[in-house]
Amino acid sequence: MEFDYEHQASWPHAQAPWESPVALDTAATLSYWQQPHFAMRGFELQLSDKTATLSGDGSVLLDGREAQFQQLHFHCGGEHVIDGVRAPFEAHFVHQYADGENAVVAVPMSIGAANPTFAEILTAIGTGDTAYPISLAPLLPDSDYLHYWGSLTTPPVQEGVAWYVALGKVTMSAEQLSTYQHYFPGDNHRDLQPLAGRPVLRMRAK
Ligand SMILES: [Zn+2]
């Protein structure tokens, strides 16, 4: 599905009050001590057409609620801004709770050492292999996460989405980013939305 990132104001429901992404300030958060527990198994991943959306299987325990993994996709130009910094890339692990609500675990990725897991994903994209088993656990840092309630960041941008944004450092090489951009040219990040007084909680790993 293609969205026009040059004309985001024309997206449906784009003016709702509690939207994503947002700018997050780690100094203005309340802490609590709970770590998301990722039940990461080897995922059987599939590439849908020419988008970088990888379906899979698995679950995560977030604040005591289990959510089933739905799919992983990427944003070129990170969507969340943390302490004024926008990462060049952001991975979104979309999950769904039993009641139908969504939880998205967002992992901003910065430029640094090559990422072995992302290398496997690039290989899968390049070959178009539709049943490429990749363990996604290395893409999920054992770190603090910032939690707030927002929306999906692609139309119809519906609200009621629990966001968990990783603060841990996950890197990819500049070459990996340019390889990805070769397959999927252009930015696909939504503009920042007002936080509008929403509380942001810091889920501490330790
Ligand atoms: Zn996303």
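## Helix packing and the nonpolar core

Helix α1 and helix α2 (residues 174-183) have axes that come within 11 Å of each other and cross at roughly 25°. Angles under 35 degrees count as roughly parallel, so α1 is roughly parallel to α2. The crossing of the two helices α1 and α2 is left-handed. The model described here is a predicted one.

| Helix | Residues in the contact |
|---|---|
| α1 | F118, A119, L122 and I125 |
| α2 | Q176, T179, Y180 and Y183 |

Sorted by class, the contact of α1 with α2 has six nonpolar residues, two polar residues and no charged ones.

The protein chain as a whole contains two helices and 16 strands. Of its 206 residues, 32% count as buried. Among contacts in the chain between residues at least 6 apart in sequence, 67% join residues at least 24 apart.

Which residues touch the most other members of the largest nonpolar core? That core has 40 residues, and those touching the most other members are V104, V105, A106, V107, Y164 and V165. Two or more residues of this core come from each of the following elements: β6 (59-62), β7 (65-76), β10 (89-97), β11 (102-111), α1 (116-127), β13 (145-151), β14 (159-166) and β15 (170-172). Strand β11 gives the most to the core, with six residues.

Leaving aside neighbours within four places in sequence, V104 is in contact with H92, F93, V94, V161 and W163.

Note on methods:
Residues are numbered from 1 along each chain as its sequence is written. This is a predicted model: local features need pLDDT of at least 70, side-chain atom pairs count only at pLDDT 80 or more; totals for chains, interfaces and linings use all residues. A nonpolar core is a set of buried Ala, Val, Leu, Ile, Met, Phe, Trp, Tyr and Cys residues joined through C-beta atoms within 7 Å. A residue is buried if 20 or more other C-beta atoms lie within 10 Å of its own, exposed if 12 or fewer, and partly exposed in between; C-beta atoms are placed from the backbone. Helices (H or I, at least four residues) and strands (E, at least two) are DSSP runs, numbered from the N terminus. Two residues are in contact if their C-beta atoms, placed from the backbone, lie within 7 Å. Axes are lines fitted to C-alpha atoms, for helices over the stretch in contact, and angles run from 0 to 180 degrees between N-to-C directions. Angles under 35 degrees count as roughly parallel, over 145 as roughly antiparallel, 65 to 115 as roughly perpendicular and the rest as oblique. A crossing is left-handed if the near helix is turned anticlockwise from the far one by less than a right angle, and right-handed if clockwise. Ala, Val, Leu, Ile, Met, Phe, Trp, Tyr, Cys and Pro count as nonpolar, Asp, Glu, Lys and Arg as charged, and the others, Gly among them, as polar.
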